[in-house]
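Student: Could we go through the side-chain contacts of this structure together? I am new to it.
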Amino acid sequence: MKAYDQMILNALLDKYERSSVFHETNSRQVSIDYKFTKQNLPAYYDESSSIYDEIHLMMKELEHKKLITIVWKDQLHHNVIRKVVLNQQAIDDAYAYVHRVRQQDINERCKNFLKNYSFQTETGKRFGLYLIHQIEHNLSVKKYVDIEDLSSLKELLCGLEGVLNNTVECYVRELSISLFGDSKKLEAMAAKITRILIDFDQRSEELCNCTDLFEEFNILKNPSYVFLKGTGTIFLKNSKIVLADFPHGIGVNSQDIDSISFELTDVKTVITIENLTTFHRYEKENTLILYLAGFHNQARRKMLHKIAESAGDISFLHWGDIDAGGFKIYRDLCKKTNLPFVPYRMNKTILLQYQSYAKKLTVNDVKEIQRLLTDDFFEEHCDVLTCMLEYGIKLEQEIIRE
């Protein structure tokens, strides 16, 4: 038998907690009721069932305990219930009846927990202050946390600060064991931590562009590799690797980057390539080619700085899609590496030359390009961005052939 008394009383308390009475924004008495309709309570209207009489008995018991008042249809007692009204004078007894904690108590307990929590990072403090503000103003924080579950909240904050404080390259499961003694817990909360970092970290604009945000904090799901080919020689401990001997490229594990050095005597150009197909296809003399894989990560930036340290008078080029994403990747690359990258084959001439292969811009594409045009960084690239808007097109770099 379903506990209709618990269900209906909980529904009344839900409504009470959403009301102006609960939030103390209204001094006058507001009626909190639960209407007996076919939509709310179909079993009550099932004439082939005895549920009708059982619900009556439960509602009368609640009324006897002075938790509710029954409003009968046409004022005919013991006939058909039209609705039941919560007795707000007995609100504490109502909570006790359904073994439920008052929302005010939940809010207060969570607020006190947050005020006494030892945040170690500015991002964590900023997030904590936001939660406290929301709770004090009876605003929802469900997007991030369940304030009723303090143990889960504590674990989330531990995971957040564990990510922010990480300084050495490690695997996500290793860090999870270090933080929780459980290899899978950190991965399970990765989506929530990512959302918090994007919304509250001072580098939010940069972080929202990351393919895997954890990699920006040296936390890897799997070994990270940087793929290179072209001209140049790599030295690793007792090994010498001539890139020309590997025409299809080699992968260097991110953990080995600190140990390598370059000899780039014959290199005139370093080029980063956004997409894998173009990386495999592209060949040019006296050029060191690095596969960027969309937005770069710490490993690829570290490799680029290693290259720059060994480079003489060489040019740095970046080749990506002629679309909003491609230009955002280019901007991110320039700002985070501080190297003098110049876009390669990402201009108006190429866009129009391959116009027949272009794709149409989406509504979101248009908005993103318009946003780029307001950025001083793209002042020298306004012609291609404006051309994209004028013709309503974008171009994938795989289409372009040398």
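Tutor: We shall discuss aromatic pairs and then salt bridges. Please note that this is a predicted model.

Student: How many aromatic pairs are there?
Tutor: The count comes to 20 aromatic pairs. In one of them, the ring centres of F279 and Y291 are 5.7 Å apart and the planes stand at 40 degrees, so this pair is tilted.

Student: Where do F279 and Y291 lie?
Tutor: F279 belongs to helix α11 (residues 276–281) and Y291 to strand β12 (residues 287–291), so the pair ties together parts twelve residues apart in sequence.

Student: Are F279 and Y291 buried or exposed?
Tutor: Both residues are buried.

Student: Which residues do ring pairs link into a cluster?
Tutor: The cluster consists of Y34, F36, Y44, Y45 and Y52.

Student: On to salt bridges. How many are found in the whole structure?
Tutor: The search finds 21 salt bridges. One of them joins K328 and E368, whose closest N and O atoms are 3.1 Å apart.

Student: What about K111 and E108?
Tutor: They form a salt bridge, with the closest N and O atoms 3.6 Å apart. K111 is buried, at a relative accessible area of 15%, whereas E108 is partly exposed, at 37%.

Student: Which residues are linked in a network of salt bridges?
Tutor: Salt bridges link K15, D33, K35 and K83 in a network.

Technical notes: Residues numbered from 1 in each chain as written. Predicted model: local features only at pLDDT ≥ 70, side-chain atom pairs only at ≥ 80, totals over all residues. Heavy atoms only, no water. Phe/Tyr/Trp six-rings, centres within 6.5 Å; stacked < 30°, edge-to-face > 60°. Helix = DSSP H or I, 4+ residues; strand = E, 2+ residues; numbered from the N terminus. Buried < 20%, exposed > 50% of the residue type's maximum accessible area, 1.4 Å probe, protein only. Salt bridge = Lys/Arg side-chain N within 4 Å of Asp/Glu carboxyl O.
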